[in-house]
Amino acid sequence: MDLLRIEHEDFTLTVESTQFQRMWNKGERILGEEKLKSPYRWSEGVEHVRLLQDGEGREIAQDNAGEDALFFEQTDYSVWVDFKKKTTKAWFDSPRKDVNDRFSWKESKQLLAGFLNYGNEIGRADMPIGYTIDGVQKRFVFSYDVISAKLDYHNDWKEILKDIEEEYRMLSLDYLKRTYHSIKEGQGESYDIIWWNIFAEKQEQFLRTIHNIIDRPRHRLKAIATYKRADQIRKYTPKLEQEFAEHRYEESSLYHVEEQQNTFNTPENRFLKHALLTIQKRYSALALRVLNQNSNLADTRKEAIAKTRDELNLLSRHPFFRTVGPYKGLKQESLILQKDVNYSKIFSIFTILQKSFSLNDGLYRMETKDIATLYEIWCFIQVEKVVKELTGTEPEQYSRTEMSGIFTYNLGKGEHSKIIFKKDDVTLAELVYNPRHSDKDDVKGIGDLVSKTVPQKPDIVLQLTKDDLQQGMKLTYLFDAKYRLEKDGGNDVPPDDAINQMHRYRDAIYYKSRHEDERLKKEIIGGYVLFPGNMDKESHLYKSIGDENVNIGAFPMRPGDKQHELLKGFISELLNKHAVQIVEQVIPQKGTSLTVKSRVLVGLVKEDNPQYHRFLNGTATQYYSGDTFPTTIPLSGIDFFAPYIPDKGICDLYEVTAIHTATKAKGDTDDKLRITFDLKYVRQLYSDFRLVPIPINRTYSDTTLDQLQP
C-alpha cells in the first residue's frame with residue numbers, strides 16, 4: 001500500500017509497504033494509537049507532503065509532532081523517486097555502503113528505486129537523496145522517527161537509554177547505524193565517538209574559518225631593538241640627539257634604536273595553532289582507524305574523510321604558523337577570541353570538542369545500539385538491581401566495558417562481566433552477562449560449566465550460593481532477554497522458539513568437576529525469558545515456573561512497569577529458600593548423574609530414634625537427621641540409605657524416595673527442623689547385622705553400593 005508521497009520541484013518520492021498495516025495494528029493493540037506519532041522534516045523545494053495510509057491521503061505540516069508514524073522496526077519499505085527534470089545521476093546518500101547498494105538508478109527511466117528495513121534500529125532517521133541536474137549536484141533529506149510496536153518510543157526507549165547510561169557511561173552508543181539520537185552537553189569523559197560525530201558537523205565551518213584567518217590574520221606591533229648608523233635613523237628622540245651630538249664626528253658609530261614591527265605571534269594565533277594541531281592529530285588517528293577497520297563505509301564518505309584529513313595536514317604545515325610560538329595558555333580573557341567573528345568560531349568549536357555530552361535531547365546527533373541489544377543490557381541491569389535490593393549489599397565486583405569496533409564499547413562477556421554480591425565475606429549471589437559455554441578452554445564462559453556439543457550463550461546467568469546443603473554449592477538460573485512478543489489470549493508471551501531455547505540451555509549445559517574421575521552432571525535448575533510484554537500470574541508461562549517438572553517460563557520486563565514485581569518476588573523466594581528445598585524440587589534436572597555405582601548414605605540409628613525398632617526388623621519408612629547435617633555430603637544423587645545400628649552394624653538396604661525438611665514424628669517435643677529421608681525397603685545386604693570397615697564420621701558416611709556388597 002502507498003504510505004507517503006512527496007511532491008518536490010525536481011521529483012516525486014513515493015514510499016510503499018505491504019507490512020505496514022500489520023505493524024500499525026500491533027502497535028495500536030499494545031501501546032495505543034496516541035503513542036504512534038512522529039514529526040516529519042524535509043529540505044527546501046517541497047511543494048507538499050501527503051500521508052496516504054488512510055486511503056484518501058492528507059497533507060501534513062513540517063515539524064508537527066502529532067502526525068501518524070509510518071516507519072516501524074523490522075518492516076520493509078519500498079522507495080520510488082521519479083524525476084521530473086532531466087537528471088544525469090541519482091543515488092541514496094547514506095554513509096553506509098550496504099544501504100546505498102539497495103538502491104539502483106535507471107537513467108533511461110529517470111527513476112531511483114530501492115528498499116529500506118531498519119531492523120531493530122529505532123530512533124530518528126534520514127532519507128537522503130543525492131542527484132545531479134544540469135551539472136549541479138543537489139541533495140534532499142527527509143527526516144522521521146522509526147518507532148517500535150512493542151515499546152513506547154517516546155518514553156520507554158529513552159528510559160532504557162537513561163538506565164544504561166547511569167550504569168555504564170556511553171555503552172549505548174554505536175557507529176554507522178541508520179538511526180540516531182540527540183545529545184547535549186553533559187558531564188564526564190569526552191569519548192572518541194562523541195568527538196568524531198560532533199566534529200563531522202563542524203568540520204566544514206572549522207576549515208573555512210582557518211582559511212579566513214590565515215588570509216587576514218590578526219597581528220600587533222612589537223618593539224624590536226636594533227643598531228643603526230645616523231643616516232638610517234628617521235626619527236630622533238632627545239636621547240638619540242644627545243648621543244649623536246657626542247659622536248657626530250665618528251661616522252661609523254651605531255646607535256641603539258627601538259622600532260615597531262608587525263608580528264603574528266599573538267596569544268590568539270598561538271591558541272589557533274594549538275587548536276589546529278590538536279584537532280589535526282586526533283582526526284588523523286581516528287580517520288586511520290575508520291578507513292582501515294570499516295568495510296561498510298560508503299566510498300563517498302571515505303573520500304570525504306580522506307580529503308578532510310589531508311587538508312588538516314596541509315594547514316598544520318602552513319608557513320603562517322612558523323612565526324607563531326607555542327601555546328602556553330591565556331593569562332587573561334581575550335576579547336578577540338570572544339568577539340572576533342573568525343577567532344570566536346574556532347574558540348567555540350574547540351571548546352565544544354573538549355566537552356562531554358549526555359544522551360538527552362540536544363543539538364548533536366549520535367547513533368545508538370539497536371533496541372534488541374539495548375533491551376538485553378537493560379534487562380541485565382534490572383536483574384542486578386533486584387538482587388542488590390533483595391540482598392541489601394553493594395556489588396563487590398562490577399562488570400566492565402570493553403572496546404569493540406572502531407569507537408564503541410560492549411559489556412564484558414562471561415567471567416569479564418561477573419558481578420559478585422557478598423555479605424560478611426560470604427558470597428550470596430553472582431550475576432554474569434553473556435557467557436559462552438563450550439568444551440573449549442579459551443571460551444569466555446563460567447568456570448566448571450560446559451557444553452559438549454555446540455556452544456551455548458544465554459544472556460544472563462544468576463548463581464545463588466547455598467551452604468546449608470553443601471559447602472559453596474551454587475544453584476544456577478538462566479535468563480534470556482528477547483525483544484519479541486506474541487499474543488496468547490489476554491497475555492503477551494514470547495515466541496515459542498524463545499521458550500524452546502531455554503529447554504535447550506537446560507539440557508545442554510553441564511557441570512564438569514575439576515576432578516577427572518567425576519562425570520558430567522546436569523547444572524541448570526531453571527530458564528526464563530524476559531520480554532517487553534504484559535503478563536499476569538494466570539499465564540501458563542508464569543505457572544510453569546513453579547512446576548518442579550518444568551521450571552521453564554517467562555517474566556514481563558518493560559520500563560516503568562510494575563510487572564517487575566513478578567521477577568522480584570521469584571528471586572526473593574529463591575534467596576530465602578533452603579538448598580535442600582530447591583534440590584528436592586529439581587532432582588530430575590540437578591541431581592541426575594549417570595553412574596554405575598549408586599550412592600549410599602550410611603546413617604547411625606540410636607535407640608532414641610523414633611523408628612529404631614522398625615530399623616531392626618526392616619519396616620522403617622523414614623529417617624530423621626540430627627540437629628545438623630554435614631555440608632560435605634551433597635544430598636542430590638543419594639539413591640539408598642543403610643541404617644548403622646551401634647554395636648551391631650549394617651544389615652538392610654532402603655531406597656531413598658524423597659528428601660525434604662520436617663520435624664520429628666507427631667507428638668515429639670523436639671520441634672527442630674531436620675532433613676527427612678522417605679524410605680522404601682529394598683532387600684538385605686547381609687543375612688544378619690555385620691560390622692563393616694567403612695568410616696563413620698560421628699554419624700554419617702557417604703559411600704557406594706559396591707563398597708557395601710559382601
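Tutor: In this predicted model, the contact between helix α4 and helix α6 is made on the α4 side by D192, W195, W196, F199, Q203, F206, I210 and I213, which meet N269, L272, L276, I279, R282, Y283, L286, A287, R289 and V290 of α6. Sorted by class, the residues of this contact comprise 13 nonpolar, 2 polar and 3 charged ones.

As for the geometry behind that list, α4 spans residues 192-215 and α6 spans residues 267-293, and their axes come within 11 Å of each other while crossing at roughly 135°. Because of that angle, α4 is classed as oblique to α6, and the crossing of the two helices is left-handed.

Helix α6 also holds E268, a residue that deserves a separate look. With a relative accessibility of 10%, E268 falls under the 20% cut-off and therefore counts as buried. Leaving aside residues up to four places away in sequence, E268 touches S334, I336, L337 and Y343.

Turning to the chain as a whole, the secondary structure comprises 17 helices and 38 strands, and buried residues make up 51% of the 710 residues. Of the contacts in the chain with a separation of 6 or more, 70% are between residues 24 or more positions apart. The chain exposes about 35,200 Å², of which carbon and sulfur atoms supply 46%.

Technical notes. Residues are numbered from 1 along each chain as its sequence is written. This is a predicted model: local features need pLDDT of at least 70, side-chain atom pairs count only at pLDDT 80 or more; totals for chains, interfaces and linings use all residues. Side-chain values use heavy atoms; hydrogens and water are left out. Axes are lines fitted to C-alpha atoms, for helices over the stretch in contact, and angles run from 0 to 180 degrees between N-to-C directions. Helices (H or I, at least four residues) and strands (E, at least two) are DSSP runs, numbered from the N terminus. Angles under 35 degrees count as roughly parallel, over 145 as roughly antiparallel, 65 to 115 as roughly perpendicular and the rest as oblique. A crossing is left-handed if the near helix is turned anticlockwise from the far one by less than a right angle, and right-handed if clockwise. Contact means heavy atoms within 4.5 Å. Ala, Val, Leu, Ile, Met, Phe, Trp, Tyr, Cys and Pro count as nonpolar, Asp, Glu, Lys and Arg as charged, and the others, Gly among them, as polar. Buried means under 20% relative accessible area, exposed over 50%, partly exposed in between (1.4 Å probe, protein chains only). Accessible areas come from the Shrake-Rupley method with a 1.4 Å probe; for residues, only the protein chains shown count as cover.
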